[in-house]
Amino acid sequence: MPFPLPARRRLAALACSLAVALSAAGLTGATASAADPASPYGPQPPQNPATAANGAATMHGDSASSGTTGYPGPGTAAVNYSRTALASACPTVVVGSDGYVTALCTTIFGQTPTVHLLDPATGADLASLALPKGSLFGGVYAYLDNGDRLVVVDGNNALLRIGHHRSGSGWALRIDQSTPLGNAVPAGHNIVGLTPAWDGRVWFATSGGVIGTVDTGTGAVRSISTGEGVQNSISTVPGRTAVATDHALYLLSAAPDGTPVVDWRAPYDRGPARKPGQLSWGTGTTPSFFGPGNGTEYVTIVDNAAPHANLLVYRTAGGADPICRIPVLTQYARSGTEDAVIASGRSVFVTNTYGYPYPALPEGAPASQPSSANFDGGLSRIDVDDRGTGCEVVWNSPVKSAALPRLSLADGKIYTVSVTGPTGSAGLNTFAQYHHAVVDPATGAQLSSSYLGIGLVYNPLQMRGTAAPDGTLYQGTETGVVRISKR
């Protein structure tokens, strides 16, 4: 879901069955505006000048999709938590420089994409704005720009910048800018990935494999077609954009007029079929940039090989041959993931979603092989060696993560939501119990677990939580947003 979370079309399908389809909550307390430079897992990727601060600007934290944050989490002590009920699945929760929280959600009834503004002090819903949903929903992958505006594509294929504004009557969400994408989005396609470049243009990818850029100042749109499906979001670092189709990983740059240029294409093993616990046939991951120098030396995805998925790591400037292809999550007989990885420094953390019972599948999804499987969960850490010529598995962990984890470079901990009890398709939304879980990235051991609740109202559906500078964590769920803070 990962999320990643699943892309727009994927979350749309999930939301059809129970809304399938997270920063600054005040600027006081133990605030960290940047990662500890001594962290063994840094550095963060470069700060994109077109987005809000790294860690809280996108579902995956930053435009590189590193899955990291420079802010601390709630830690391992007792926590307070509250739930904002929105009758919606909320895959993207971002936090602006003014401390206000913006969530992009999809309603349970009507499947309408809706933007919510949340109070950073309480999590209360201050304002909302419904967007046109078209044939499929508005975006699931969105980002917060450098003016604290949510950038998203609606069901009419218009790229919107949505700002929050306060007047005497209270808060309101308004469309500050709208740029039509026009014929660049063919009939039957929908926008899946959305991320800004360093030159101010916005990159996008469609479910049918069109990759393009748009200049929201001039309205100019330039695009190419890969002829392959795209089911996950896309990522950018200076001068580079990564897109994973259902057949290959693409690394692209832009011509002077904005036309995408394919620098290299790397086919991967898409496996014999879709696996249970995945939403499409092919990789379930958004490409992630990382590296020990400037945070951009490598780019990685997880393939769909059987019986175990492989982590693939490439040199960004090195072409289509991976420096490693290594099986992951081998503590189980079979593995796969629908989640974007955490990638930082030399380390990559992969979550197992094999067998995860999503409430529904995207329209047209092929049958899985096998038709169902147990959800075992589990995490793996893989490190690139010092020479950048290979990789090794550091640990395998049994933690059963129901959310997409995030690594704090400020406090050196991984934060997620774990699940206990029945984890079949009915159990997750009835008697399964959900816990705020903290994992040690050095060993994979679970450091603490705090009970949150039971059933669908706390089910995070493999969506990723977002930390605010004061350590408050916002976790999207199947029915709203949970706010978790130190007690």
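Predicted model: local features only at pLDDT ≥ 70, side-chain atom pairs only at ≥ 80, totals over all residues.
Searching the whole structure turns up two disulfides. If the bonded cysteines of the chain are numbered in sequence order, their pairing reads 1-2, 3-4. Here are the two bonds side by side:

| Disulfide | S to S distance | Torsion about the S-S bond |
|---|---|---|
| Cys 90 and Cys 105 | 2.1 Å | about 105° |
| Cys 324 and Cys 391 | 2.0 Å | about -65° |

**Cys 90 and Cys 105**

With a torsion of about 105° around its S-S bond, the disulfide of Cys 90 and Cys 105 is right-handed. The bond links distant parts of the chain: Cys 90 sits in strand E3 (residues 88-95), while Cys 105 belongs to strand E4 (residues 101-107), and the two cysteines are 15 residues apart. How accessible are they? Cys 90 has 0% relative accessibility and so counts as buried, given that the cut-off for buried is under 20%. Cys 105 also counts as buried, at 1% relative accessibility.

**Cys 324 and Cys 391**

For the disulfide of Cys 324 and Cys 391, the torsion about the S-S bond is about -65°, so this one is left-handed. Which strands does the pair tie together? Cys 324 is in strand E22 (residues 324-327) and Cys 391 is in strand E26 (residues 391-397), so the bond joins parts that lie 67 residues apart in sequence. As for accessibility, Cys 324 comes in at 7% relative accessibility, and it therefore counts as buried.

How values were computed: Residues numbered from 1 in each chain as written. Heavy atoms only, no water. Disulfide = S-S within 2.5 Å. Helix = DSSP H or I, 4+ residues; strand = E, 2+ residues; numbered from the N terminus. Buried < 20%, exposed > 50% of the residue type's maximum accessible area, 1.4 Å probe, protein only.
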